[in-house]
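Subject: the structure I promised you

Hi,

Here is the structure I said I would pass on. Have a look at it first, and then read my notes below.

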Amino acid sequence: MKIGIVCPYSWDVPGGVQFHIRDLAEHLIRLGHQVSVLAPADDETPLPPYVVSAGRAVPVPYNGSVARLNFGFLSAARVRRWLHDGTFDVIHIHEPTSPSLGLLACWAAQGPIVATFHTSNPRSRAMIAAYPILQPALEKISARIAVSEYARRTLVEHLGGDAVVIPNGVDVGFFAAAEPKAEWQGGTIGFIGRIDEPRKGLPVLMRALPAILAARPDTRLLVAGRGDEEEAVASLPEAMRERVEFLGMVSDEDKARLLRSVDVYVAPNTGGESFGIILVEAMSAGAPVLASDLDAFAQVLDLGAAGELFASEDADALAEAAIRLLGDPERRAELRERGAAHVRRFDWSTVGADILAVYETVTDGAASVAADERTGLRARFGLARE
Amino acid sequence: MIETLIWIAVAVVAIGMYLSWTAGRLDRLHTRIDAARAALDAQLLRRASVTQELATSGVLDPAASIVLYEAAHAARQAEEEHREVAESELSAALRAVFGETAQVEAVKEIPGGEEAASELAAAVRRVPMARRFHNDAVRAARALRRHRKVRWFRLAGHAPFPLAFEMDDEPPVALADRPVS
């Protein structure tokens with residue numbers, strides 16, 4: 001099958017949606033499909049052979065953080081050329097409601113279009129205002145995928161209609177086979193995420209840390225992610241700062257090794273999550289997970305059966321749960337086991353098969369994707385030559 | 001005077017273009033419904049055929065075979081207005097037979113059973129997908145058709161008012177093997 005995938009966010013900036021698209025594309029290519037990904041990227045960025053650049057993205061404040069988006073006349077022309085050259089059987093647009101390539105591709109294409117909705121924002125004014133503009137473009141989508149039951153609910157509330165739920169995929173084997181690193185083992189708590197983004201919840205963990213260290217002084221906190229390290233520990237008493245180790249940005253291999261090594265993985269995110277891929281990665285690596293009780297997280301953790309939940313933004317609850325887990329090897333072993341069984345449904349073999357089933361459902365008997373040649377006025381009035 | 005006429009002419013042309021564009025939108029939605037309906041039909045038929053094949057292959061006990069055969073046969077032969085009920089009954093029959101993992105395991109052990117089971121699992125999983133996509137298209141078309149501009153100018157022409165396909169498509173737990181939602 002010839003598959004075109006549209007990525008709305010800059011390829012050179014790491015992010016959940018980009019990783020998902022990369023893994024999906026590589027998974028499909030391994031299965032023998034022809035895949036082309038259209039993504040915003042700087043011209044100098046080295047791109048994998050299956051990615052086509054849609055030009056440079058412009059940083060714009062959107063959805064609570066600065067997103068790099070593509071819009072305008074030039075991008076629209078590139079989208080059209082890509083659609084024309086690709087002759088795809090199906091195109092898969094990610095985040096079609098973000099004012100970027102996704103929406104442009106929706107406008108420009110006709111034929112079988114699959115769309116995945118990743119975010120689950122509360123209903124915003126901008127969304128309501130944009131509804132009449134979005135609706136004609138979204139009507140072209142033949143199949144909608146939501147990454148979680150929560151994302152589906154938001155979608156139904158905001159845009160009407162329905163979607164099938166297919167979770168984001170994880171290469172479970174890669175995480176399960178990683179080698180633990182001795183220096184990261186022994187009473188360690190792991191945190192992975194942007195340090196300076198409050199939504200990722202590091203400040204909550206920092207507030208909980210004094211209580212955890214008071215109960216279990218040997219505990220170490222390992223933090224992997226970009227951001228200002230000094231600012232992050234500023235709220236901690238001087239003596240406790242050495243118990244926090246910053247690893248900076250880590251490679252995928254080190255991330256897997258870190259998750260294999262820690263005794264507890266903590267995800268104190270305070271909101272803005274629609275899925276929680278990191279929790280699945282942690283469970284794949286066999287790390288007991290302790291996460292805030294966001295809707296999306298609760299769902300990934302099977303409502304608390306595959307990992308522990310604490311009240312979001314409640315540092316005391318986090319500290320209490322972390323101390324209990326660190327002191328209870330049996331409970332941790334139980335969580336490891338349940339997590340390992342639970343993550344099988346997120347493995348690419350399952351998720352990829354589901355996504356392919358969606359492609360096959362919409363391409364059954366349908367013509368292939370083409371650029372939507374807007375019917376000219378002459379044609380509308382029956383004057384155009386055939 | 002001339003100026004007013006020009007403005008009126010401009011307004012009429014603008015409204016005309018808008019209506020023409022809306023008619024195009026509606027037309028595309030109807031095409032999408034047709035494609036989604038064809039896909040749904042194909043998936044339902046596929047599910048019934050796989051079920052029938054399994055029922056006549058002798059891998060199941062006679063009682064289960066008869067139940068499945070009856071339900072699959074009824075679903076395939078159903079008239080349009082009884083189709084939703086017949087397909088729902090096939091779902092119920094499949095759930096009754098494949099309600100337990102042991103039954104699925106038993107089928108898998110028989111030569112050729114592995115393939116039959118995975119074909120059936122794929123079929124029961126795709127029916128809800130196709131139905132959801134169909135009903136989503138129907139909803140979008142209905143929303144547009146209820147709009148004043150479409151009703152007043154009869155932009156939908158003679159196309160029948162689209163109807164959702166309502167049925168019970170819950171797959172058997174033992175075959176689905178993961179949360180289906």
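What follows is a walk through what turned up, part by part.

One thing to keep in mind: this is a predicted model.

**How chain A is divided**

Chain A comes in two domains: domain 1 covers 2–169 + 347–381, and domain 2 covers 172–344. Their centres, taken over C-alpha atoms, are 32 Å apart. Where the two touch, domain 1 of chain A puts in 14 residues and domain 2 of chain A puts in ten. On the domain 1 side, the largest share is three residues, and they belong to helix α5 (residues 149–159) of chain A. Sorted by class, that side of domain 1 has four nonpolar, eight polar and two charged residues.

One of the residues involved is Lys2(A), whose bridge partner in β2(A) is Gln34(A).

Now move to β8 of chain A (residues 113–117). Is this strand mostly covered or mostly open? Mostly covered: five of its five residues are buried. As background, side chains in a regular strand alternate between the two faces of the sheet. In β8(A), Ile113(A), Ala115(A) and Phe117(A) sit on one side, with Val114(A) and Thr116(A) on the other, and both faces are covered.

Which strands pair with β8(A)? Strand β6 (residues 90–94) of chain A runs parallel to β8(A) and is joined to it by four bridges, and His92(A) has Val114(A) as its bridge partner. Strand β9 (residues 143–146) of chain A is also parallel to β8(A), again with four bridges; there, Ala115(A) is partnered with Arg144(A).

**A glutamate worth a click**

Glu95(A) lies in the loop between β6 and α3 (101–108) of chain A. Is it buried or exposed? With 22 other C-beta atoms within 10 Å, and 20 or more being enough to count, Glu95(A) is buried. Not counting residues up to four places away in sequence, Glu95(A) touches Pro8(A), Val17(A), Gly102(A), His118(A) and Thr119(A). The C-alpha atoms of Glu95(A) and Ala146(A) are 10.0 Å apart, although 51 residues separate the two along the chain.

**The six-stranded sheet**

Chain A also has an open sheet of six strands, in the order β13-β12-β11-β14-β15-β16, with parallel pairing. The edges are β13 (244–248) and β16 (308–310) of chain A; each has a single partner strand, so one side of each has no neighbour in the sheet. From one strand to the next, the twist averages 25 degrees.

Inside that order, β14 (residues 264–267) and β15 (residues 289–292) of chain A run parallel and share three bridges, and Val266(A) has Leu290(A) as its bridge partner in β15(A). Helix α9 (residues 252–261) of chain A packs on the sheet, where it touches β11 (188–192), β12 (220–224) and β14 of chain A. The direction of α9 makes about 145 degrees with that of β11(A). Helix α10 (residues 277–284) of chain A packs on the sheet as well, touching β11, β14 and β15 of chain A, and its direction makes about 165 degrees with that of β15(A).

**Chain A meets chain B**

Between the chains, 23 residues of chain A are in contact with 26 residues of chain B. On the chain A side, β9, β10 (164–165) and α14 (348–363) each supply at least two residues, and α14(A) gives the most, with five. That side divides into eight nonpolar, seven polar and eight charged residues.

**The nonpolar core**

The largest nonpolar core has 153 residues, and those with the most contacts inside it are Cys7(A), Ala105(A), Leu279(A), Val289(A) and Ala322(A). Which helix gives the most to this core? That is helix α5 (residues 113–145) of chain B, with twelve residues. Both domains of chain A take part, with at least three residues drawn from each. To follow one of these residues, pick Cys7(A): leaving aside neighbours within four places in sequence, its contacts include Val17(A), Ile21(A), Val37(A), His94(A) and Leu101(A).

Cheers

Definitions and conventions. Residues are numbered from 1 along each chain as its sequence is written. Chains are lettered from A and ligands numbered from 1 in the order in which they are written. This is a predicted model: local features need pLDDT of at least 70, side-chain atom pairs count only at pLDDT 80 or more; totals for chains, interfaces and linings use all residues. A residue is buried if 20 or more other C-beta atoms lie within 10 Å of its own, exposed if 12 or fewer, and partly exposed in between; C-beta atoms are placed from the backbone. Two strands pair if DSSP finds at least two bridges between them. Domain bounds come from an automatic or database domain assignment. Two residues are in contact if their C-beta atoms, placed from the backbone, lie within 7 Å. Ala, Val, Leu, Ile, Met, Phe, Trp, Tyr, Cys and Pro count as nonpolar, Asp, Glu, Lys and Arg as charged, and the others, Gly among them, as polar. Axes are lines fitted to C-alpha atoms, for helices over the stretch in contact, and angles run from 0 to 180 degrees between N-to-C directions. A nonpolar core is a set of buried Ala, Val, Leu, Ile, Met, Phe, Trp, Tyr and Cys residues joined through C-beta atoms within 7 Å.
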